[in-house]
Amino acid sequence: MNPLLPAYGALAAAILLEVIGTTLLQKSDQFSKFLPTAGMIAFYAASFYLLSLALRSMPLGVAYAMWSGLGIVLTAAIGFFVFKQTLDVPAMIGIGLIIAGVVVMNTLSGSVSH
């Protein structure tokens, strides 16, 4: 089995948990609500643990670029669909560039072992 498969799985789970944690950060109302705050801490901790597992097989820069970039994209989508927050055209262009960067890195970069 390709050693990057578990790393990508851990990274995908880390991204998902980070996005949930960030969503709970919004729901915590500046840490004034206990359950969203506690959930946020738990999801962030689990996300960092899974990110550390991905780093066993992936370079730090590559893993962090995907973790943060895809986290930004998913968080912006949750902001739009769940919290009814809108983005202007420059923000959408920027998010598109983040997606393009992750795609270029994963398809063309020699830093990512395929």
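Ser-47 is buried, at a relative accessible area of 0% (buried is under 20%, exposed over 50%, with a 1.4 Å probe and protein chains only). Ser-47 sits in helix α2; helices here are DSSP runs of H or I with at least four residues, numbered from the N terminus. This is a predicted model, so local features need pLDDT of at least 70 and side-chain atom pairs pLDDT 80 or more, while totals for chains, interfaces and linings use all residues. Residues count from 1 along each chain as its sequence is written, and side-chain values use heavy atoms, leaving out hydrogens and water.

**Around Ser-47**
- Skipping neighbours within four places in sequence, Ser-47 is in contact with Ala-14, Leu-17, Glu-18 and Trp-67 (contact means heavy atoms within 4.5 Å).

**Helix α2**
- Buried residues of α2 include Pro-36, Gly-39, Met-40, Leu-50 and Leu-51.
- Looking down the axis of α2, its buried residues fall within an arc of 160°, so they line one face of the helix (the arc uses directions from the helix axis to the C-beta atoms).
- Over on the other side of α2, Phe-34, Leu-35, Ile-41 and Tyr-49 are exposed.
- The cover over the buried residues of α2 includes α1 and α3.

**Nonpolar core**
- The largest nonpolar core has 18 residues, and Leu-11, Leu-51, Met-58, Met-66 and Trp-67 have the most contacts inside it (a core is buried Ala, Val, Leu, Ile, Met, Phe, Trp, Tyr and Cys joined through side-chain atoms within 4.5 Å).
- Helices α1, α2, α3 and α4 each supply at least two residues of this core, and the largest share, eight residues, comes from α1.
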